[in-house]
Amino acid sequence: MSADERPEYNRRKELPAEVPSAPETPASAEPGGKPQLTGRQRLVKGLWPPRVTRPQLIVALLLFVLGLGLAIQVRSNNDSSALRGARQEDLVRILDELDDRTERLEEEKRRLEEQRTGLENSSDQAEEARKQTVERERQLGILAGTVAAQGPGITLTIEDRKGAIEADMLLDAIQELRAAGAEAIQINDVRVVANTYLSDAGGGGVRVDGHKVGEPYLFKVIGKPQDLEPALNIPGGVVQTLEKEQATVTVERSEKIVVNALRPAKQPDYARSSSQ
């Protein structure tokens, strides 16, 4: 049997066997069978979840505290004050009042220094001391309300037909007048001194040191009129507050104000002079 006549299976047997090829790896897959990530996916994977280190946490905390402090500072700077809406001329007048107060304090300081110098240099120190003692007693009597006083100042009249004025409003007026340099104050027939107190009276009106006073409330004030009147008329001050309660307020300057309501001199029960 010739070679050409061999059975077909022999020829098939002689053909080289085909080598099985390895399965192709997809281009988008990494070795090991894991899919390859795109650039965006790698970026997202690197940013989330965030990996916070201790130094980064400390820096973030410091920035938070700094931001909170700046916010509080800005808020405090933005808080409206009583003078924020004042006009320029009102601010100038307030500054002038502060300068006047400083000038009064300086004058008092100079006067006391002159008294000391007079005592030190006077040939008759006993007589000089007696004169200064009498003068000091007169001044203290005015402050204590035991002697009458007169001088330039203002009158403040408050008409309260609706009975809306309360004790704290009159107290604000007294405090404002004292801050402006008032040396003697009288409300109706009651002398105002350092320990004066005010309270609301039943049925309307106000009690000053236990004495009931009613409208119109008449303040007699001795001091520098150029300081007293502007102090009452500053924006948001005494006059505007009273007018909001529908009260009628009148302030008048005068070259002579007489404060003649007196208080009895009281001997202290326990306090004694410490000078020997």
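I began with the second largest pocket, which is lined by 16 residues, and noted that A144, V193, N195, R263 and P264 lie nearest its centre. For this I took a pocket as an open set of points on a 1 Å grid over the protein atoms alone, where a 1.4 Å probe fits and protein lies on both sides within 12 Å along at least five of seven lines, with lining residues having an atom within 4 Å of a point. The elements that give two or more residues to this lining are helix 5 and strand 3 (190-192), where helices (H or I, at least four residues) and strands (E, at least two) are DSSP runs numbered from the N terminus.

I reminded myself that the model is predicted, that local features need pLDDT of at least 70 and side-chain atom pairs pLDDT 80 or more, while totals for chains, interfaces and linings use all residues. Residues are numbered from 1 along each chain as its sequence is written, and side-chain values use heavy atoms, without hydrogens and water.

I then looked up the largest pocket, whose volume is about 860 Å³, a volume being the space filled by probe spheres set on the grid points, which are joined across faces, edges and corners. Of the 22 residues that line the largest pocket, E108, R111, L143, G181 and E183 are the closest to its centre. Helix 4 gives the most to this lining, with 8 residues.

Next I turned to the open sheet, in which 5 strands follow the order 3-2-7-1-8 with antiparallel pairing; two strands pair if DSSP finds at least two bridges between them. Its edge strands are strand 3 and strand 8 (248-259), each pairing on one side only. I checked strand 2 (residues 184-187) against strand 7 (residues 217-222) and found 4 bridges in the antiparallel sense, with I222 in strand 7 as the bridge partner of A184.

Last I looked up H211, which lies in strand 6 (residues 211-213). Is H211 buried, exposed or partly exposed? H211 is partly exposed, with a relative accessible area of 48%, on a scale where buried means under 20%, exposed over 50% and partly exposed in between (1.4 Å probe, protein chains only). Leaving aside neighbours within four places in sequence, H211 is in contact with V190 and V206, contact meaning heavy atoms within 4.5 Å. I also noted that the C-alpha atoms of H211 and L198, 13 residues apart along the chain, are separated by 9.2 Å.
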